[in-house]
Amino acid sequence: MVIPKYTNLEIHPALTEEDKQKCIDIRIKVFVHEQKYPLKNEIDQYDPLSQYWLATCESIDAKERVAVGTVRLYKVNDQVGKVGRMAVLSDIRGMSVGSKLIYTLREAAKSQGVQSLLLEGQVDKRIFYEKVGFVVEKEDEVPYDVRGTLHYKMWMRSIP
């Protein structure tokens, strides 16, 4: 039996500089330290244009709220939003944090008039993204390289 380290998940928009920094810190832990992407590529031209969401939980050990996940959205145009930089800390994966981040982002995007969502998902994350409503379209069946990792272009053409 696995004893959970975290409880009471909350997801909220990252509006303060402190929350935005927590999002960046999570991304660095996941993409730079864990997946070995170069740090120089982690902050990009879309960061200032993006909306972020931050997932926090209460830590059973520390008795405080800790940042455990993040995702961003920026508008490609009035009708299409691009999902990106989704990251969940390794010791909380499998507890639905990622899917809840996507559902939260999806609802916010829909309320802003976005009709479709696009993402570039790592090949090994395809099943996760399909479970939350994204599909690889026929013309996008061949994965492509993004900084040394194969990705698929995936769509949610109509936000439920």
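This is a predicted model: local features need pLDDT of at least 70, side-chain atom pairs count only at pLDDT 80 or more; totals for chains, interfaces and linings use all residues.
**Exercise 1.** Work out how many helices and strands the chain has.

*Solution.* Counting by type then gives 3 helices and 7 strands.

**Exercise 2.** Decide whether the radius of gyration agrees or disagrees with that of a compact globule.

*Solution.* First take the expectation: for 160 residues, a compact globule would have a radius of gyration near 15 Å. Next take the value for the chain, 16 Å, which agrees. For the outline, the C-alpha atoms fill a box of roughly 50 × 35 × 35 Å along the principal axes. Then turn to burial: 44% of the 160 residues count as buried, that is, under 20% relative accessible area. Finally, look at contacts with a separation of 6 or more: 63% of them join residues 24 or more positions apart.

**Exercise 3.** Describe the largest pocket: which residues lie nearest its centre, and which element gives the largest share of its lining?

*Solution.* Begin with the space, about 810 Å³. The lining has 38 residues, and Phe31, Arg85, Met86, Gln122 and Tyr129 lie nearest the centre. Now go through the elements: α1 (17–34), β3 (65–75), β4 (80–88), α2 (97–111), β5 (116–122) and α3 (126–131) each supply at least two lining residues. The largest share, 7 residues, comes from β4.

**Exercise 4.** Sort the lining of the largest pocket by residue class.

*Solution.* The lining divides into 16 nonpolar, 11 polar and 11 charged residues. For the chain's accessible surface, about 9,100 Å², carbon and sulfur atoms hold 54%.

How values were computed:
Residues are numbered from 1 along each chain as its sequence is written. Side-chain values use heavy atoms; hydrogens and water are left out. On a 1 Å grid over the protein atoms alone, a cavity is a set of points where a 1.4 Å probe fits but cannot get out, and a pocket is an open set with protein on both sides within 12 Å along at least five of seven lines; lining residues have an atom within 4 Å of a point. Grid points are joined across faces, edges and corners, and a volume is the space filled by probe spheres set on the points. Helices (H or I, at least four residues) and strands (E, at least two) are DSSP runs, numbered from the N terminus. Ala, Val, Leu, Ile, Met, Phe, Trp, Tyr, Cys and Pro count as nonpolar, Asp, Glu, Lys and Arg as charged, and the others, Gly among them, as polar. The radius of gyration is taken over C-alpha atoms; the globule rule is 2.2 Å times the number of residues to the power 0.38. Buried means under 20% relative accessible area, exposed over 50%, partly exposed in between (1.4 Å probe, protein chains only). Contact means heavy atoms within 4.5 Å. Accessible areas come from the Shrake-Rupley method with a 1.4 Å probe; for residues, only the protein chains shown count as cover.
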